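Dear colleague,

Please find the structure below, handed over for your records. My notes on its salt bridges and on one helix contact follow it.

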Amino acid sequence: MLGYILRRILAVIPVMLLVAVFVFLLLRLTPGDPAAIIAGDMATPAQLERIREAMGLNQPLHVQFVSWVGQLLRGDLGTSLISSTPVAGMIAERMGPTLAIALLTILMSVALAIPMGVLAAWKHRSGADYAVMTFSVLGFSVPVFVTGYILILVFSLKLGWFPVQGYAPISSGLGAFLHNAFLPALTLTTIYVALIARMTRANMLEVLGEDYIRTARAKGAPEKRVLFRHALRNAAVPILTVIGTGFALLIGGVVVTETVFNIPGIGRLTVDAILARDYPVIQAMILLTSFLYVLVNLIIDLSYTFFDPRIRY
């Protein structure tokens, strides 16, 4: 097991190196001159050349790449072309709200979706099963911005329970954080509950037909123990994959929800950087998102053996 963990961790290195090469070449070959963005439309050719020399853009690609990787290894993600501030600081400032909303969304989704999926499988083709499937279809069908505006209309404007927009960090108090973050997280939860509940139901239906489930029931094991200890644990591998992938998607793809609720997260930072062609910020965000995907996949792979004892490496 220890050898497998080391091999999986070492496998991250070539993957991230390939991602770095791809990101570096993709942005260097994209039309647009960073020097022109910094200097503005009235810049002279001499001014543009001085900026390119200062940024190292007039050097060969391999020299630029080695210099860029060296900066990354020192934790230097570069400086924004638009705000002239360190990219690492910008990301650190925006990461908190996005991570907090993503974690709250996953926690709420798992707390709701797992029991719903288990119930739907246990009561297969019953009213409860059809209700869970109907909710799942609605969760996938309604766009996230529509769900967000409906929740704002009902819980903020009509009932006045939650603020329409804004974000309060956890440092301001757990109550203030939950008061501001609940509606954005609930908006995203409707999608992930549908996804996780359907996955849980499908895998539980398959596992509940296995011989060892019939054996456990024949021995008189309580139904709760059969469902949650024997069946759910052996059906957990694909469910874990969906949960982990969903968390990674939330980190990089909550821009709609952040826009609807005016949350200063990294989704909006990425979109603003793309519109302004702020290359250092775009590079850093692609690398960060890729690293999170690799890290989440690593954690999921390592957790398989805990939830499914049949898996051995």
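A search of the whole structure, a predicted model, finds 3 salt bridges, each being a side-chain nitrogen of Lys or Arg within 4 Å of a carboxyl oxygen of Asp or Glu. Local features need pLDDT of at least 70, side-chain atom pairs count only at pLDDT 80 or more, and totals for chains, interfaces and linings use all residues. Residues are numbered from 1 along each chain as its sequence is written, and side-chain values use heavy atoms, without hydrogens and water.

R201 pairs with D129, with 2.6 Å between the closest N and O atoms. The two lie 72 residues apart, R201 in helix α8 (residues 174-208) and D129 in helix α6 (residues 127-141); helices are DSSP runs of H or I, at least four residues, numbered from the N terminus. R201 is buried at 16% relative accessibility, and D129 is buried at 1% (buried is under 20%, exposed over 50%, partly exposed in between, with a 1.4 Å probe and protein chains only).

R214 and D211 form a salt bridge at 2.3 Å, N to O. They are 3 residues apart in helix α9 (residues 211-218), and therefore separated by about one helical turn. R214 is partly exposed at 46%, whereas D211 is exposed at 52%.

E223 forms a salt bridge with R217, the closest N and O atoms lying 2.6 Å apart. E223 is partly exposed at 26%, as is R217 at 34%.
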